[in-house]
Amino acid sequence: MLEERENKEPAMNPFQKNESKETLFSPVSTEEVPPQPLSLPKKPTPKICGSNYPLSIAFIVVNEFCERFSYYGMKAVLTLYFLYFLHWNEDTSTSIYHAFSSLCYFTPILGAAIADSWLGKFKTIIYLSLVYVLGHVVKSLGALPILGGQMVHIVLSLVGLSLIALGTGGIKPCVAAFGGDQFEEKHAEERTRYFSVFYLSINAGSLISTFITPMLRGDVQCFGEDCYALAFGVPGLLMVIALVVFAMGSKIYRKPPPEGNIVTQVVKCIWFAISNRFNNRSGDFPKRQHWLDWAAEKYPKQLIMDVKALTRVLFLYIPLPMFWALLDQQGSRWTLQATRMNGNLVLNPLLVLIFIPLFDLVIYRLVSKCGINLSSLRKMAVGMILASLAFAVAAAVEIKINRMTPPQPGPQEIFLRVLNLADDEVKVTVLGDENNTLLEESIRSFQKMPHYAQLHLKTKSQDSHFYLKYHNLSVYTKHPVEEKNWYSLIIREDGKNISSIMVKDEENKTTNGMTAVRFVNTLHKKVNISLAADISLSVGEDYGVSAYTTVQSGEYPAVHCRTEDKDFSLNMGLLDFGTTYLFVITNSTNQDPQAWKMKDIPANKLSIAWQLPQYALVTAGEVMFSVTGLEFSYSQAPSSMKSVLQAAWLLTVAVGNIIVLVVAQFSGLVQWAEFILFSCLLLVVCLIFSIMGYYYVPVKPEDLQKPADKQIPHTQGNMINLETKKTKL
C-alpha cells in the first residue's frame with residue numbers, strides 16, 4: 001500500500017523544479033542571511049579495499065562501538081550504584097535513572113543546533129566528546145568511598161551524569177549523519193549498508209559492556225567494597241579511545257561546513273508563513289501551492305524548499321513515538337516479567353547482532369527476488385506490526401506466569417501463615433463463624449507451613465481473635481489486620497507461657513536475578529548481619545523482625561554475624577533466583593546460633609526461555625524499523641538539516657518514554673492487559689502511519705542538491721503586491 005503512491009510521479013512535487021507557466025515573483029529581504037551552498041571536497045576519498053565504502057567510515061564505526069560500550073556499560077550498574085552506594089531507595093533510584101535516560105534523548109536537539117549553525121558536525125563531536133569524557137571522570141570520582149562524604153558523592157554523581165547526558169545526547173545526531181556525509185550520492189546503496197553496520201556496532205558495544213561492567217563491580221573489591229569506581233572508570237576509558245579513534249581520521253573526512261543558524265531560520269520561516277497567510281486570508285490574494293510559500297516575501301526560495309522537506313518528514317514522525325514506547329519496555333516491564341521467571345538472559349543486543357546481517361544479506365534479498373518492493377516506509381510499517389505481535393506474546397506469557405503464582409487476597413480477605421517457634425506443638429484456632437474450621441491440626445515446633453490459609457474479614461480492617469493451646473495452657477490473643485495483605489503469626493515461648501506477634505508480609509519485588517531475605521532474631525541480644533561487602537542489617541533482640549533485603553542469588557555458606565560480645569557465622573545455603581526467604585536465628589546448646597530457613601515466596605519455575613519469542617519478534621521489528629528509519633531520515637533531509645532531522649528522530653524516543661510513564665501511571669490495568677493495550681495502540685498507529693506513507697512522495701537525492709534559484713534583487717520595502725507574469729519553460 002505504501003509503495004503504490006511512491007512509484008508514481010506526483011502531479012506537483014515541491015522538490016522538483018517548478019515547470020508551471022505561471023510563476024509568482026517576490027523580492028527577498030536582506031535581513032536574512034542567504035543559505036550557503038554545500039561545499040564538499042572534490043578530491044577522491046580513500047576507499048576500503050577497492051570498494052565504494054570510504055575509509056573514513058571505519059573510524060566512525062569504531063568510535064560508535066566504543067561510545068556505546070561506554071554509555072551502556074555505565075548504565076548497566078547505575079541502578080545498583082544508586083541503591084547500594086548512595087543508599088537511595090528504589091523509588092528515588094528509578095526516578096533518577098529515567099530522568100537521566102530522558103535527558104540523554106532531549107539533548108540531541110542542542111547538539112544538532114550547535115552542529116548545523118555553529119561548529120559543524122566534526123568539531124561538535126570532538127568538543128562534546130571531551131565533555132563526555134569529563135563526565136565519566138567526575139562520575140568515577142564520585143564512586144570513590146574515600147573521597148568525601150555522602151553529599152560529595154551525590155553532587156559528583158549528578159554533575160557527572162549531567163555532563164554525560166550532554167555529551168552522549170549532543171553527539172548522537174551528529175555521528176550517524178556525519179557517517180552518511182562520507183558517501184557520494186551515487187553510492188546510496190553502500191550508504192544504506194553503512195547504517196546497518198552502524199546500528200550493529202551500537203548493539204555490539206551494548207552487549208559486551210552489559211557483561212563486563214557488572215563483573216568489574218562485583219568481582220573486584222575496592223576499599224573493601226564493590227568497585228563501582230572501576231565499573232565507571234572502564235567505560236570512561238573506552239570513551240577516551242572513541243575520541244582518539246575519531247580524531248585519527250580527521251584528514252580523510254569529508255566535512256560539510258555549517259549552514260548557519262538553521263534552527264532559528266526554520267522557526268522564523270514557519271512562523272512568518274503562518275502569520276502572513278493569516279493576515280492575507282481575504283479573497284483578494286491569489287492562492288499559493290503550499291502554505292510555506294507564504295514566506296516567499298521574506299525568505300529565499302531554497303530555504304523554503306528545505307523547510308518543506310523537513311516538515312514533510314517531521315509529519316511522518318508523529319506516529320513514531322508509540323513504537324519506542326513498546327521497544328523501551330524491554331528494560332522495564334519485560335525485565336520485571338523476567339524476575340518472576342527462572343533464568344537470566346541478555347537477549348536483545350545478541351539478537352540484534354544476529355538479525356542485522358540476517359535481514360540485510362538474506363531476508364531482504366529473498367523478498368526482492370520474489371518481486372516484492374520492500375521500501376523504507378514498508379519496512380518501518382512491518383517493524384511496527386512485529387513489535388505489536390511481540391507485546392501480544394508478552395501478554396500471553398504474563399497470563400501463564402499469573403497462573404503459576406499464588407493467588408492474591410481479595411476484598412475483605414487476608415492470607416495467614418503460622419510459625420510455631422515454641423519448643424512443642426501448638427493448637428491454633430481462629431475465632432469467628434467463617435474461620436473456625438481453619439488450622440484444625442496442631443502445628444509442630446518449627447514446622448514449615450506449605451501454604452497460607454485464607455481468612456475472611458467482616459470489614460476492611462478489624463481485630464482477628466485467636467485461641468492458642470500449648471500443653472495445658474490456653475491463651476486468647478487478638479491482632480489488627482487489613483484486607484488484601486499477607487501475614488505471619490509468630491508464636492514464641494515466653495518462659496512457661498507463650499505469646500504471639502503478627503508480622504505483615506509485604507510483597508517484595510526482586511530484580512536482576514536477585515533474591516530477598518529477612519530475619520527473626522530469637523536471641524536476647526541484637527544481631528548485626530553482613531550479607532555482602534555493601535549489604536548489612538541489624539535485627540533487634542527478643543524476636544525482632546527485619547525488613548526485606550535484596551541480595552544476589554547464590555550460595556551463602558558462611559554469613560558473618562556479630563552480637564555485642566560474640567562473632568559467629570550462619571549457613572544460609574543456596575538462595576534461589578527470585579525467591580523470598582525467612583531466616584529464624586535460634587540459639588543452639590554448646591554451639592553457635594543457627595538459622596532456620598523457610599521460603600516466604602517460592603521461585604517461579606517457568607523458564608525464561610518463554611520470553612524468547614517476544615524478544616525475537618521485537619528485535620526483528622527493531623531492525624526493520626530503527627535501522628531503516630536512520631537511513632530514511634538521512635536520505636530525506638536537506639543537506640542543511642540532516643543533524644536537525646537526526647535529532648528529531650531521537651526526540652521521538654524521549655516522547656515514547658513519556659507515553660510509557662503516562663500509561664503506567666493512569667491506566668490502572670493489570671500487566672497483561674497493559675501489554676494488550678500497547679499492542680492495540682501500536683496497530684492503530686501503524687495503520688495511521690501506512691496511510692500517511694501512502695501519500696508521502698520520497699525525495700530524490702538530486703532534488704535535494706539542486707541549487708537555489710537566483711534571488712530577485714531587493715526592492716524598496718519588504719512587502720509588495722504580488723504580480724503574476726508569464727514565463728517560458
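These notebook entries record what I looked up in the predicted model.

**Ground rules.** I numbered residues from 1 along each chain as its sequence is written.

**Confidence.** I looked up pLDDT, the predictor's confidence in each residue, from 0 to 100. The protein averages 80, and 83% of the residues score at least 70. Residues 509-513 fall below 50, yet this stretch has 12 contacts in the model beyond near neighbours in sequence; a contact means heavy atoms within 4.5 Å. Residues 706-729 also stay under 50, and the model gives them 45 contacts beyond four places in sequence.

**Overall make-up.** I noted 18 helices and 22 strands, taken as DSSP runs (helices H or I, at least four residues; strands E, at least two) and numbered from the N terminus. Of the 729 residues, 51% count as buried; buried means under 20% relative accessible area, exposed over 50%, and partly exposed in between, with a 1.4 Å probe and protein chains only. Among contacts between residues at least 6 apart in sequence, 74% join residues at least 24 apart.

**Nonpolar cores.** I took a nonpolar core as a set of buried Ala, Val, Leu, Ile, Met, Phe, Trp, Tyr and Cys residues joined through side-chain atoms within 4.5 Å. The largest holds 148 residues, of which Phe-100, Phe-519, Ile-529, Leu-531, Met-572 and Trp-649 touch the most other members. A second, separate core of 32 residues includes Val-430, Ile-443, Met-449 and Ile-490. I then followed Ile-529 beyond its neighbours within four places in sequence; its contacts include Phe-519, Leu-537, Val-559 and Ile-585.

**Helix H5.** I compared the span of H5 (residues 108-142) with that of a straight helix. The expected span is 1.5 Å times one less than the number of residues.

**Glu-67.** This residue lies in helix H2 (residues 56-76). Glu-67 counts as buried because its relative accessible area is 3%. Beyond four places in sequence, Glu-67 touches Tyr-132, Thr-168, Ile-171, Met-239 and Ala-242.

**Gln-182.** I located Gln-182 in the loop between helix H6 (150-181) and helix H7 (188-219). With a relative accessible area of 1%, Gln-182 is buried. Its side chain makes a polar contact of 3.1 Å with that of Ser-56; such a contact is a pair of N or O atoms within 3.5 Å, where within protein one must be able to donate a hydrogen and the other to accept it, and residues adjacent in sequence count only if both atoms are side-chain atoms. A polar atom of the Gln-182 side chain also lies 2.8 Å from the backbone nitrogen of Arg-254.

**Thr-477.** I placed Thr-477 in strand S8 (residues 473-482). Thr-477 counts as buried, at 18% relative accessibility. The side chains of Thr-477 and His-479 are joined by a polar contact of 3.4 Å.

**Pro-557.** This residue sits in the loop between strand S16 (554-556) and strand S17 (559-562). Pro-557 is exposed, with a relative accessible area of 56%. Apart from neighbours within four places in sequence, Pro-557 is in contact with Leu-570 and Asn-571.

Notes
Side-chain values use heavy atoms; hydrogens and water are left out.
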